[in-house]
Amino acid sequence: MTNFNPSAEVERIVNFIKNTIQKYNFKGAVIGVSGGIDSAVVLALLVRALELGKVRALILPERDSSKNSIEDAKAVCKYFKVNYEIISITGVLRAMGVYRLFPPALFIPEKIKIDYAKKRWQRYPDPYVMDLKNKGDELFLKGIAYYRAKHRARMCKLYFEAEKLGYCVVGTTNKTELTLGLYVKWGDDSVDIEPIKHLYKTQVYELAKYLGVPERIIQKPPTPDLVPGVTDEEAFGLTYPEIDEILMKLDSGEEINTEKARRVKELMKLAKYRELKSLGIEDEQATR
């Protein structure tokens, strides 16, 4: 972490974006901006790599989206002078029957909805592990299907808009999230290029400061969009600095057996469930 050079890393990523887009004959890039730090950093990198007119930012809210997140996403786009479009995916999700799993709470204050959702989350002993295992009672499994459908609908919309223009879809997932499974299979992992997938979350924060991402975004607690009010760190049971310190030591070959390291190793192992894609007979036999 101490050897990380934000200036050199920005140059490296910008060159990667330029070269990849040129190599695969894309005319520009489409990115979904969520209001979080990862999409803000990737947007800032795209602006450095491409002409402004070749960067298309989409904000894709739905019925349950936080108004604050939408405002944060708009603020990031305006800050980096990128034209954006807000496109609701509520209609698509409604047509799919997603909202029938959980009724609307239109007139209930945001705080009450968050308190209710967090209590429901806390009723389970280790909900993030259950999520990785695709296990739980009927209510929990409905919740999994509910939030994952939203990510997948967003990706369909991003590709629809990108392919009309001959643009690539740019992802915003970082190495810490990928390693611990904090993404949705066939959702936010389904993109053309991932500019920050080699960076730990703490390094993304360093890039954000270097790139001038607004302080309100940097100070905002990252959320996995699983349950309103639940942050990434609450889901993991560890802070990002703790996780990244352990991951870096493991990546360097150091063996650590603290309680926190055992937690990280458990999540890393279970994150393999996310990687299961299109498994055939020959594939299954090859893994024996």
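Select Leu-46 to begin: apart from neighbours within four places in sequence, this residue is in contact with Ile-17, Ala-29, Ile-31, Val-55 and Val-170, where contact means heavy atoms within 4.5 Å. The model is a predicted one, in which local features need pLDDT of at least 70, side-chain atom pairs count only at pLDDT 80 or more, and totals for chains, interfaces and linings use all residues. Residues are numbered from 1 along each chain as its sequence is written, and side-chain values use heavy atoms, with hydrogens and water left out.

A nonpolar core is a set of buried Ala, Val, Leu, Ile, Met, Phe, Trp, Tyr and Cys residues joined through side-chain atoms within 4.5 Å; buried means under 20% relative accessible area, exposed over 50% and partly exposed in between, with a 1.4 Å probe and protein chains only. Helices (H or I, at least four residues) and strands (E, at least two) are DSSP runs numbered from the N terminus.

Now display α1 with α9. Their axes, lines fitted to C-alpha atoms over the stretch in contact, with angles from 0 to 180 degrees between N-to-C directions, are 10 Å apart at an angle of about 90°. On the α1 side the contact involves Pro-6, Ser-7, Glu-9, Val-10 and Ile-13, and on the α9 side Glu-206, Leu-207, Tyr-210 and Leu-211.

The whole structure holds six aromatic pairs, that is, rings of Phe, Tyr and Trp (its six-membered ring) with centres within 6.5 Å, counted as stacked for planes under 30 degrees apart, edge-to-face over 60 and tilted for the rest. Select Phe-102 and Tyr-146: their ring centres are 4.9 Å apart and their planes at 75°, so this pair is edge-to-face. Phe-102 sits in the loop between α4 (90–96) and α5 (110–122) and Tyr-146 in helix α7 (residues 138–165), so the pair ties together parts 44 residues apart in sequence. Phe-102 counts as buried at 12% relative accessibility, as does Tyr-146 at 11%.

Finish at Phe-236 and Tyr-240, an edge-to-face pair with 5.9 Å centre to centre and 80° between the planes. Both Phe-236 and Tyr-240 are buried.
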